[in-house]
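Subject: Structure handover and findings

Dear colleague,

I am passing on the structure we spoke about, together with notes on what turned up in it. Please look through the sequence and the coordinates before reading on.

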Amino acid sequence: ANAQVFGISCGSPFANKAFTEKNQLTFPLLSDVSKSVIQAYGVEFADLAGIKGLTVPRRSVFIVDGKGTIQNRWLSAEPREEPDYDEVIAKVNAMA
């Protein structure tokens with residue numbers, strides 16, 4: 001499939017660069033330090049672990065078509081949960 005992958009983190013560009021290098025990511029990791037993107041997409045974990053004001057992004061997958069329409073969305077129920085990557089790839093391939 002003709003797809004582009006990128007990540008968005010609330011970390012600083014410097015922290016994201018270090019994370020990308022350490023984990024050998026092969027896709028861009030964008031910075032959302034203002035948390036405006038996670039708020040716009042409704043993927044915040046607010047007051048994580050009962051700590052007031054600690055808001056972090058949920059692990060999320062959005063499959064967006066060439067017209068910019070979200071075709072599929074997956075959100076983690078808890079911070080360490082990851083998606084079924086084979087299922088994500090199958091959904092992307094089905095759009096081709």
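The notes below cover the pocket, the salt bridges and the ring contacts.

This is a predicted model, in which local features need pLDDT of at least 70 and side-chain atom pairs count only at pLDDT 80 or more, while totals for chains, interfaces and linings use all residues. Residues are numbered from 1 along each chain as its sequence is written, and side-chain values use heavy atoms, with hydrogens and water left out.

A pocket here is an open set of points on a 1 Å grid over the protein atoms alone, where a 1.4 Å probe fits, with protein on both sides within 12 Å along at least five of seven lines, and its lining residues have an atom within 4 Å of a point. The largest pocket is lined by 45 residues, of which Val-5, Phe-6, Gly-7, Ser-60 and Val-61 are the closest to its centre. Among the elements that each supply at least two lining residues are strand S1 (7-9), helix H1 (13-22), strand S5 (60-64) and helix H3 (85-95); helices (H or I, at least four residues) and strands (E, at least two) are DSSP runs, numbered from the N terminus. The largest share of this lining, six residues, comes from H3. By residue class, the lining divides into 30 nonpolar, 10 polar and five charged residues, where Ala, Val, Leu, Ile, Met, Phe, Trp, Tyr, Cys and Pro count as nonpolar, Asp, Glu, Lys and Arg as charged, and the others, Gly among them, as polar.

Turning to the charged pairs, the count comes to three salt bridges, each defined as a side-chain nitrogen of Lys or Arg within 4 Å of a carboxyl oxygen of Asp or Glu. In helix H1, Lys-17 and Glu-21 lie four residues apart, about one turn of the helix, and their closest N and O atoms are 3.3 Å apart in a salt bridge. Both Lys-17 and Glu-21 are exposed (over 50% relative accessible area with a 1.4 Å probe and protein chains only, whereas buried means under 20% and partly exposed in between). Of the 10 residues of H1, the number buried is one, so this helix lies largely in the open. Helix H3 holds Glu-87 and Lys-91, also four residues apart, whose side chains meet in a salt bridge at 3.1 Å, N to O; Glu-87 is partly exposed at 41%, and Lys-91 is partly exposed at 31%.

The remaining bridge joins Glu-82 to Arg-59, with the closest N and O atoms 2.9 Å apart. Because Glu-82 lies in the loop between S6 and H3 and Arg-59 in the loop between S4 and S5, the pair ties together parts that are 23 residues apart in sequence.

As for the rings, a search of the whole structure finds one aromatic pair. Tyr-41 and Phe-62 form this pair, which is edge-to-face, at 5.0 Å centre to centre and with 70° between the planes; rings of Phe, Tyr and Trp (its six-membered ring) pair if their centres lie within 6.5 Å, and planes under 30 degrees apart count as stacked, over 60 as edge-to-face and the rest as tilted. Separately, Arg-58 lies over the face of Phe-45, at 4.5 Å from the ring centre, the rule being that NZ of Lys or CZ of Arg is within 6 Å of the ring centre and within 35 degrees of the ring normal.

With best regards
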